[in-house]
Amino acid sequence: MKVLVACEFSGTVRNAFLARGHDAWSCDLLPSEDGSNRHIQGDARDYLGDGWDLLLVAHPPCTRLCNSGVRWLTKPPIGKTIEQIWAELDEGAELFSAFWNAPIERIAIENPIMHKHAKSRIVNYREFAQSVQPWQFGHPETKRTCLWLKNLPKLVPTNIVDGREARVHRMSPGPDRWKERSRFFTGIANAMADQWPRSFFGGLPQYANDNNPEEAVAAA
């Protein structure tokens, strides 16, 4: 498969697909953390029409879209105005819309739960198809991850382990906190690289319109 992993500088998801023989590339405004030559530094929206079989958006900017930040829409943080916050919300929704409506048959976008203002701004919005936890894929941690899926099956847990540490949410403040919070879990990346190509080659059923967040929430 020809795979584009957008909004990724770490190479975690890209390397999982590369290890399985796929033509995988990461793309981000930041340079590749591991120095790989399979990285495009730039705006991923400029490359969406390059004939990809699968688009994975590992962690698009979500500060203004996610439910946990909705309070800033009425009481902005110090140094920001109401107008700036809502403009950033529009920018985030436009980015999500560009990925979700890209001319690519199979699309997966990872993001936290969104508030109603974000949903109303996203073109052709559908509810997320599934939510997963790191502890379902070998990491003894909690960090709920929602997946918006188009023409892809839901991920099947691969290694349910004990431990429910909220490590990511308890990180100390610092200049690199945002970078560490956005870092993807290798267990989930490996599950994506193992399971989703099977749907491309006919090994798993398709779930093009199977969006049942209530069922996914109960499972996770």
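Me: How many residues does the largest nonpolar core have?

Reply: This is a predicted model, in which local features need pLDDT of at least 70 and side-chain atom pairs count only at pLDDT 80 or more, while totals for chains, interfaces and linings use all residues. Residues are numbered from 1 along each chain as its sequence is written, and side-chain values use heavy atoms, with hydrogens and water left out. A nonpolar core is a set of buried Ala, Val, Leu, Ile, Met, Phe, Trp, Tyr and Cys residues joined through side-chain atoms within 4.5 Å, where buried means under 20% relative accessible area with a 1.4 Å probe, protein chains only. Leu55, Phe96, Phe99, Ile109 and Trp148 have the most contacts inside the largest core, and its residues number 29.

Me: Which element gives the largest share of this core?

Reply: Elements are DSSP runs, helices being H or I with at least four residues and strands E with at least two, numbered from the N terminus. Those giving two or more residues to this core include strand S4 (54–57), strand S5 (106–111) and helix H2 (82–100). The largest share, 7 residues, comes from H2.

Me: Which residue in S5 does Val57 stand opposite?

Reply: Strands pair if DSSP finds at least two bridges between them, and S4 and S5 do so in the parallel sense over 4 bridges. In S5, 6 of 6 residues are buried, with Ile107, Ile109 and Asn111 pointing one way and Arg106, Ala108 and Glu110 the other. The S5 residue opposite Val57 is Ile109.

Methods:
Buried < 20%, exposed > 50% of the residue type's maximum accessible area, 1.4 Å probe, protein only.
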